[in-house]
Amino acid sequence: MIIYIHGFGGSGQGAKAKAFRDYFHSIDEAFMAPSLPYNPTLAIESLKELISSCQDRVSLIGSSLGGYYATHLSSMSEVERVVLINPATKPYVTLERALGRAPNFYDATTFEWNEVHLAILKKLESERFNLQKFMVLLQKGDTLLDYSDAAKKYEGAKMLIEEGGDHSFQEIERHFETIRDFFAL
């Protein structure tokens, strides 16, 4: 089972999730992209329950905040491989700018994002994880997160760093087969 974990204010129906869904379904790979609650505790608990209920091996794809969550979840015995796409490394700092009414990018609604959520994210920080489980995809043109923070945090993992691009990771489809091959190892 491959589980895609979206970023802050995202959903399992976002453009990247849909592209991954279409690709993995086209090659008959089990794939899910759940829409997670904005509350970090609820998101992590939902993902833990989903992962624990899987009968097969589990691989995670995490984008931005989803990458932070995927790193935290990588210690679960069911999780074999993790791909991170422009992952957040310190969202309890970078998401301070979202305090107050934050956007839900799927349906243009908003939700309350507060200091309690930042504190929860800080508690989820993972300092030790098995780098052999990870592949990290970064684009230097990401203006929301500094790609070099992730390059340092995941040094020793399989890593692809591209010039240009943006936070959403432009043309991610070019790397679908590489991701599939990484999961098949």
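Mentor: Two strands count as paired if DSSP finds at least two bridges between them. Strands (E, at least two residues) and helices (H or I, at least four) are DSSP runs, numbered from the N terminus. This is a predicted model, in which local features need pLDDT of at least 70 and side-chain atom pairs count only at pLDDT 80 or more, while totals for chains, interfaces and linings use all residues. Residues are numbered from 1 along each chain as its sequence is written, and side-chain values use heavy atoms, with hydrogens and water left out.

On those terms, six strands form an open sheet with parallel pairing, in the order E2-E1-E3-E4-E7-E8. Its edges are strand E2 (31-32) and strand E8 (158-162), each of which pairs on one side only.

The next pairing takes strand E4 (residues 79-85) to strand E7 (residues 134-139), which run parallel and are joined by four bridges. In that pairing Val-82 stands opposite Phe-134 in E7.

Now the burial of E3. A residue is buried under 20% relative accessible area, exposed over 50%, and partly exposed in between (1.4 Å probe, protein chains only). Six of the six residues of E3 are buried, so defined. Both faces are covered: Val-58, Leu-60 and Gly-62 are buried on one side, and Ser-59, Ile-61 and Ser-63 are buried on the other.

E3, H3 and E4 together make a right-handed β-α-β unit. Right-handed means that, with the strands pointing away from the viewer, the path from the first strand over the helix to the second runs clockwise.

As for charged pairs, a salt bridge is a side-chain nitrogen of Lys or Arg within 4 Å of a carboxyl oxygen of Asp or Glu. A search of the whole structure finds nine. One of them joins the side chains of Arg-57 and Glu-80 at 3.3 Å, N to O. Arg-57 lies in the loop between helix H2 (40-53) and E3, and Glu-80 in strand E4, so this pair ties together parts that are 23 residues apart in sequence. Arg-57 is partly exposed at 37% relative accessibility, and Glu-80 is partly exposed at 36%.

Another salt bridge links Arg-174 and Glu-171 (3.2 Å, N to O). Arg-174 is partly exposed at 45%, whereas Glu-171 counts as exposed at 51%. Elsewhere, salt bridges that share partners join Lys-90, Lys-122 and Glu-125 into one network. Glu-125 is buried, at 17% relative accessibility, while Lys-122 is partly exposed at 44%.
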